[in-house]
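Good morning, and thank you for coming. Please look at the sequence and the structure on the screen while I speak.

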Amino acid sequence: MAARTVAVVAATGRTGMHVVDLLREREGVQVVAIGRDREKLIGMHGGKADVKLRVADVMDPSQVRAALSGATDVMTCTGHVLGGAPPYSATATSVTHAMKHHGIRRLVFMGSSAVLQPEDKPSWMLQAMLW
């Protein structure tokens, strides 16, 4: 039995896929990979017998609540896509409410607001930090 069960939210994203693999290397850690796209989850993590897969859209509180069942810790790797992704405050709300429901007290929340792709223009947040 694993000492910790870590749920990785957005496990199929650029960061989440690596977080899942790094956690697999830790002794005593059971990994639960959570993503909104079942096929992508299976394609990235389906062959890993030590990883549980759960489908949930981070914007749907009932899906997140179900996906976090049994977790002792949560790592959320939701990304920031200019003009496309919901704001961090919205994703954090559904995750933290589900955590409270299950009595989960440990959260690592990773963000990428300051990370730009070559085609991106700096967001107001990044501009405020740099200038």
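**Surface and overall layout**

The chain has an accessible surface of about 8100 Å², and 54% of that surface belongs to carbon and sulfur atoms. Such areas come from the Shrake-Rupley method with a 1.4 Å probe, and for residues only the protein chains shown count as cover.

Please note that this is a predicted model, in which local features need pLDDT of at least 70 and side-chain atom pairs count only at pLDDT 80 or more, while totals for chains, interfaces and linings use all residues. Residues are numbered from 1 along each chain as its sequence is written, and side-chain values use heavy atoms, with hydrogens and water left out.

The chain holds five helices and five strands. Helices (H or I, at least four residues) and strands (E, at least two) are DSSP runs, numbered from the N terminus. Read from that end, the order is β-α-β-α-β-α-β-α-β-α.

Of the 131 residues, 33% count as buried. Buried means under 20% relative accessible area, exposed means over 50%, and partly exposed lies in between, with a 1.4 Å probe and protein chains only.

**The strands**

Strand 1 and strand 2 pair in the parallel sense over six bridges; strands pair if DSSP finds at least two bridges between them. Here R4 stands opposite V29 in strand 2. Together with helix 1, these two strands make a right-handed β-α-β unit. Right-handed means that, with the strands pointing away from the viewer, the path from the first strand over the helix to the second runs clockwise.

Strand 2 also runs parallel to strand 3, joined to it by five bridges, and V31 has V51 in strand 3 as its bridge partner. Five of the seven residues of strand 2 are buried.

**Helix 1**

Which residues of helix 1 are buried? They are G16, V19, V20 and L23, in a helix that spans residues 16-24. They lie on the same side of helix 1 because they cover an arc of only 100 degrees around the axis, taken from the directions from the helix axis to the C-beta atoms. They pack against strand 1, strand 2, helix 2, strand 3 and strand 4.

**Two single residues**

T5 lies in strand 1 and counts as buried because its relative accessibility is 14%. Leaving aside neighbours within four places in sequence, T5 is in contact (heavy atoms within 4.5 Å) with Q30, V32, G70, A71, T72 and D73.

A10 lies in the loop between strand 1 and helix 1. A10 is not a glycine, yet has a positive phi of about 70 degrees.
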